[in-house]
Amino acid sequence: MDKIKKILLFRIPMSICNLRCHYCYLGQRDSSFEGIQPEMKYTPEQVGYALRRERIGGTTYANFCADGETLLVKDIDKYVRAVVEQGHYAEVVTNLTVFSVLDKFLAWPKDLLERVEFKCSFHYLELKAKNKLALFAENVRKIIESGSSANVEITPSDELIPYIDEVKAFSMKHFGALPHLTIARDDRTSDIAYLTKLPIDEYDKVWGGFNSDFWSFKKTIFGKYQNGFCYAGKWSIYIDLCTGDATKCYSGGNLKNVFSNPDEPFPETAIGKCPIAHCYNGHALLSLGLIPKLNNVYYGNIRDRQVTGNVFRNRNTWLNPKLKAFFNTKLEESNPTLTPFEMVGHKISLVTDRVRGNAAGIKYRLKKLSGSK
């Protein structure tokens, strides 16, 4: 059975979108509708070679997510395939309305498709307004019946509350289960508040009827600072798919460019202590084990749903067994952890590097001021 060695988080700075959801801060930007594609510095073949298992040391979970609709990124199917062909597993975040691109994915050989999961963002009100609910449901069916995996996820917004019974009925009919719930953040607040006008106990009561383990886990980590030793940067990496530039995590910490010198060792330096107050995408990062022994939650379990009725041919779960088994492994199963002594040395090294970096920056600025080279 494949076990996870590393997490690859791909940033795709492309904000083109065909929906304009009321709770999406990106959707409120006019730039999201200018139709500008990012420039890809490296080909799919170059990306695949740079991410081969021999270089990384094992099998990865690779997440692909654009600022806008991921399937509108030019040649995204080729980039994902280049990674999956290396033996890795991929999760593609999509609103599932770009059927022409989805069909390119679903034409892949089954041995590749079974290592891909589509995180299907169920934007119910937008889909209903644009008369695309049936298209969304049909695409979920096609994904699952192709042998791939789908996870239907909805944002519990205040505006959706009057439609809850309607959403539940539609979901049971077309997905065989209720959608999982995510949590919308109010990025206008400094304390990472829930994006709701409801008191939190009422908010929980309204949405608790979806019985989403995914939502339940996210609530345990939402707005909570993680003070355990985090291996982000060593067991995971945040990569700009367009340029190859990489950081340790969403919170920063520069690493080398991953694609420019593909025969060099893969860059990895643990972040140690998280510098931010909230683990973005902690539902994946913390359930896959970036902080060892933190919990007994498994990513495959909180992504999956048992299907009621004969909604899909030959499957009664959203995730296929092979992908779920991989998602239910932990990073510490494939990676050695640091000893307490090594952790202390790691912290000293990070501080030293930071001081050296600051000193080099000061020296450079003084040279510029003096006019010397």
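Between which strand and which helix does the loop with Lys-197 lie? Select Lys-197 and look to either side. The loop runs between strand E8 (193-194) and helix H9 (200-207). Keep in mind that this is a predicted model.

**Stop 1: Lys-197**

Stay on Lys-197 and show its surface. Lys-197 is exposed, with a relative accessible area of 82%. Ser-157 is 40 residues away from Lys-197 in sequence. In space, the two C-alpha atoms are 9.5 Å apart.

**Stop 2: the whole chain**

Zoom out and colour by secondary structure. The chain has 14 helices and 11 strands. Of its 373 residues, 52% count as buried. Consider the contacts with a separation of 6 or more: residues 24 or more positions apart account for 76% of them.

Switch to colouring by pLDDT. The chain has a mean of 88. A value of 70 or more is reached by 85% of its residues. Then select residues 352-373. Here pLDDT stays under 50. For this stretch the model has 2 contacts beyond four places in sequence.

**Stop 3: Glu-85**

Go to the loop between helix H3 (76-84) and strand E3 (89-94), where Glu-85 is placed. Is Glu-85 buried, exposed or partly exposed? Its relative accessibility is 47%, so Glu-85 counts as partly exposed. Leu-112 is 27 residues from Glu-85 along the chain, and their C-alpha atoms are separated by 6.9 Å.

**Stop 4: helices H4 and H7**

Select helix H4 (residues 99-106) together with H7. H7 covers residues 133-145. How far apart are the axes of H4 and H7, and at what angle do the helices pack? The axes are 11 Å apart, and the angle is about 5°. H4 and H7 are therefore roughly parallel to each other.

Show the side chains where the helices meet. H4 contributes Phe-99, Leu-102, Asp-103 and Leu-106. H7 contributes Leu-135, Asn-139, Lys-142 and Ile-143. These residues divide into 5 nonpolar, 1 polar and 2 charged.

**Stop 5: Glu-145**

Stay in helix H7 and pick Glu-145. Its side chain reaches the backbone nitrogen of Arg-313 at 3.1 Å. Display the surroundings, leaving out residues up to four places away in sequence. Glu-145 then touches Val-311, Phe-312 and Arg-313.

**Stop 6: Ser-148**

Step on to Ser-148, in the loop between helix H7 and strand E5 (149-154). Is Ser-148 buried or exposed? Ser-148 has 0% relative accessibility, so this residue counts as buried.

Which backbone atom does the side chain of Ser-148 reach? Draw a distance to the backbone oxygen of Leu-113: the value is 3.3 Å. Leu-113 is also one of the contacts of Ser-148 beyond four places in sequence. Ile-143 came up at the previous helix pair, on the H7 side of the contact with H4.

**Stop 7: Tyr-124**

Move to helix H6, which holds Tyr-124. H6 spans residues 124-129. With 4% relative accessibility, Tyr-124 counts as buried. What surrounds Tyr-124, leaving aside neighbours within four places in sequence? The contacts are Leu-133, Ile-154, Leu-160, Tyr-163, Glu-166, Val-167 and Phe-170.

Pick Glu-166 from that set. Tyr-124 and Glu-166 are 42 residues apart in sequence. From C-alpha to C-alpha, they are 9.9 Å apart.

**Stop 8: two residues with positive phi**

First select Asn-131, in the loop between helix H6 and H7. Phi of Asn-131 is near 60°, a positive value in a residue other than glycine. Asn-131 counts as exposed, at 71% relative accessibility.

Definitions and conventions
Residues numbered from 1 in each chain as written. Predicted model: local features only at pLDDT ≥ 70, side-chain atom pairs only at ≥ 80, totals over all residues. Heavy atoms only, no water. Helix = DSSP H or I, 4+ residues; strand = E, 2+ residues; numbered from the N terminus. Buried < 20%, exposed > 50% of the residue type's maximum accessible area, 1.4 Å probe, protein only. Polar contact = N/O pair within 3.5 Å; in protein donor to acceptor, adjacent residues only side chain to side chain. Contact = heavy atoms within 4.5 Å. Axes fitted to C-alpha atoms, helices over the stretch in contact; angles between N-to-C directions. Parallel < 35°, antiparallel > 145°, perpendicular 65-115°, else oblique. Nonpolar A, V, L, I, M, F, W, Y, C, P; charged D, E, K, R; others polar. pLDDT = per-residue confidence, 0-100.
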